[in-house]
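Here is a short report on one fold. It covers the sheet, the cores and the charged pairs.

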Amino acid sequence: MLLYLNENSFVSDERLAEQVKQAREDKLKIVMAHENDAVRNGCIFGHFFEVTPRDLIADGLYHDLAVGCHAGPHRRVSLALLAKALGATKQTAQSRVRRVTTLALTLRGSSSMTEPSNGDDVGEASATQTV
């Protein structure tokens, strides 16, 4: 379970607390992402001790570290660390790049796999396709 924490978490909707309680009862792994970017409603971690239901805190919800999601040039690294915490590996990332490259080449009508792609051309190719 990915638990995305920002200033609005646990504030106005008790469904989140119920979902987290159920996940903990079911022994699901909970990966926490702590938003630090103010534009995305980030806040200091101490805020969560004020708004999280006491039983979740007492049960150890915050014993594991949350992955900090930072702004600016650190955002990509933050998201990579989050993906790793969720189980992503270099192998799964490479597999994704191969799929995007294959899709891009298919949309371009190329049968050659010699042209590298970072996936940026997928949108361009699909925009030029006619239906």
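With which residue does arginine 75 form a salt bridge? The partner is glutamate 35, and the closest N and O atoms are 2.7 Å apart. A salt bridge here is a side-chain nitrogen of Lys or Arg within 4 Å of a carboxyl oxygen of Asp or Glu. Arginine 75 lies in helix α4 and glutamate 35 in strand β2, so the pair ties together parts that are 40 residues apart in sequence. Arginine 75 is buried, with a relative accessible area of 14%. Glutamate 35 is buried too, at 0%. Buried means under 20% relative accessible area, exposed over 50%, and partly exposed in between (1.4 Å probe, protein chains only).

This is a predicted model: local features need pLDDT of at least 70, side-chain atom pairs count only at pLDDT 80 or more, and totals for chains, interfaces and linings use all residues. Residues are numbered from 1 along each chain as its sequence is written, and side-chain values use heavy atoms, with hydrogens and water left out.

**The sheet**

Three strands make an open sheet, ordered β1-β2-β3, with parallel pairing. Helices (H or I, at least four residues) and strands (E, at least two) are DSSP runs, numbered from the N terminus. Two strands pair if DSSP finds at least two bridges between them. β1 (2–5) and β3 (67–69) are the edge strands; each has a single partner, so one side of each is left without a neighbour in the sheet. The twist averages 25° from one strand to the next. Axes are lines fitted to C-alpha atoms, for helices over the stretch in contact, and angles run from 0 to 180 degrees between N-to-C directions.

Four bridges join β1 to β2 (residues 31–35) in the parallel sense. Leucine 5 has histidine 34 as its bridge partner in β2.

Helix α4 (residues 75–85) lies across β1, β2 and β3. Its direction is about 150° to β3.

**The cores**

The largest nonpolar core has 14 residues. Such a core is a set of buried Ala, Val, Leu, Ile, Met, Phe, Trp, Tyr and Cys residues joined through side-chain atoms within 4.5 Å. Phe10, Leu61 and Tyr62 have the most contacts inside this core. β1, α1 (14–25) and α3 are the elements that give it two or more residues. α1 gives the most, with three.

Leucine 61 sits in the loop between α3 (54–58) and β3. Leucine 61 is buried, at 3% relative accessible area. Beyond its neighbours within four places in sequence, leucine 61 has contacts (heavy atoms within 4.5 Å) that include Leu3, Val20, Ile30 and Leu56. Tyrosine 62 touches, among others, Leu5, Phe45, Phe48 and Phe49, not counting residues up to four places away in sequence.

A second, separate core has five residues, including Ala33, Val67, Cys69 and Leu82. In soluble globular proteins, nonpolar side chains tend to be buried together.

**The charged pairs**

The count comes to six salt bridges.

| Pair | Closest N and O atoms |
|---|---|
| Lysine 21 and glutamate 18 | 3.6 Å |
| Arginine 24 and aspartate 59 | 2.9 Å |
| Arginine 75 and glutamate 35 | 2.7 Å |

Arginine 24 lies in helix α1 and aspartate 59 in the loop between α3 and β3, so the pair ties together parts that are 35 residues apart in sequence. Arginine 24 is partly exposed at 24% relative accessibility, as is aspartate 59 at 47%.

Lysine 21 and glutamate 18 both lie in α1, three residues apart, about one turn of the helix. Lysine 21 is partly exposed at 23%. Glutamate 18 is partly exposed at 48%. Salt bridges that share partners join Glu18, Lys21 and Asp55 into one network.
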